[in-house]
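Okay, everyone, thanks for making time.

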Amino acid sequence: MTTSRQLKRTLLKVLSFFSVIRGYNLVVVVLAQYLSAIFIFGSHLRAITVLKDFDLFLIIFSSALAIASGYIINNFYDTEKDLINRPNKSHLDRLVRKSTQLKTYFTLNLLSFVLAALVSWRAAMFYAVYIFLLWFYSHKIKKNYPIIGNLTASLLVLLPFFGILMHFGNFSWGIFAHAFYLYVIILIREFVKDLENLKGDFANNYQTVPVRFGAKTSKVIIAFLTVATLLPACALIWYYEVGYMQYYFYVSSGLLLAFTIFLFDAQIQTDYKKLHILLKLIILLGVLSIVLINPTVILNGKSLVVPYL
């Protein structure tokens, strides 16, 4: 019986740690990075060559460790508001002691830096800055600066992909068009998260847009951003060869239209949570749609890789 209880407690702690580092998000990010590397940034190479690229493995592993540590420090600072916004998840996360979380945070950051240093000093500096920005966002920006906090959080999601971009040295306007499309969707998600977490943010004096300016203002900003996604989507469909991925943009635009309609009817946390899940679905579909891209097009006689980050 005692052994059974110990096993159950161990499994709960493992589940708790998985929850703290947002294991699901990490899996999606790693998948997205490898798909981007194979079908986009390294599309001029054989897939097996990309997969066997040890430096690429170190870069992606370093990213995963840095992101995991970012979730840990974010969880550390958000403990009080999460007790209100996500009581069940918060109780699960607390099975891992704060001291253990902090030790793991520093260990993951050190490993991330060391692995990046094995690639190059530029990679090491990139991830050192990235690790600092993750901490600075959680420590200072998130709680005190509305809009700037949303812009920063969205940028931090995209930065690991630029690590891969620099590794392959494959720059194009198509890359930045795709990145901008994804950035806007992530930014929309950040504003929706603020609406979803309004109660806890208000109780703990987080200066988010809904707390400072009200939910109606947040919805207007989100609606504007949703319309803004049409610009890069149309540009990618009309001016860049995206293959069958054009259908993803049609579907995602339709989902975003439905999202906007339901947004203005949303009133309670459960409503915003459903909208948040819909945005996650759109992002996940985008990741999986990478394989639908014709990876190489010819533009002005040069090989141009057109990706979805």
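**A walk through the model**

Let's start with Asn-74, which counts as buried because its relative accessibility is 12%. Buried here means under 20% relative accessible area, exposed means over 50%, and partly exposed is in between, with a 1.4 Å probe and protein chains only.

Before I go on, this is a predicted model, where local features need pLDDT of at least 70, side-chain atom pairs count only at pLDDT 80 or more, and totals for chains, interfaces and linings use all residues. Residues are numbered from 1 along each chain as its sequence is written, and side-chain values use heavy atoms, with hydrogens and water left out.

Back to Asn-74, which lies in helix α4, residues 54-77. Helices are DSSP runs of H or I with at least four residues, strands are E runs of at least two, and both are numbered from the N terminus. Which residues does Asn-74 touch, leaving out those up to four places away in sequence? Arg-22, Tyr-137, Ser-138 and Lys-142, where a contact means heavy atoms within 4.5 Å.

Now the rings. The structure holds 13 aromatic pairs. Phe-57 and Phe-61 have ring centres 5.7 Å apart and planes at 40°, so that pair is tilted. The rule covers rings of Phe, Tyr and Trp (its six-membered ring): they pair if their centres lie within 6.5 Å, and planes under 30 degrees apart are stacked, over 60 edge-to-face, the rest tilted. Phe-57 and Phe-61 are about one helical turn apart, because they sit four residues apart in helix α4. Phe-57 is partly exposed at 36%, and Phe-61 is partly exposed at 38%.

Another pair is Tyr-181 with Phe-249, edge-to-face, 5.1 Å centre to centre and 85° between the planes. That pair links distant parts of the chain, with Tyr-181 in helix α10 (residues 173-196) and Phe-249 in helix α15 (residues 246-263), 68 residues apart. Both Tyr-181 and Phe-249 are buried.

Last bit: how far can we trust the picture? pLDDT is the predictor's confidence in each residue, from 0 to 100. The protein chain has a mean pLDDT of 85, with 92% of its residues at 70 or more. Confidence is highest in helix α13 (residues 215-228), at 95, and lowest in strand β1 (residues 296-299), at a mean of 37. Over residues 295-309 pLDDT stays under 50, and the model has 53 contacts for them beyond four places in sequence. Where pLDDT is low, the predicted coordinates should not be read in detail.
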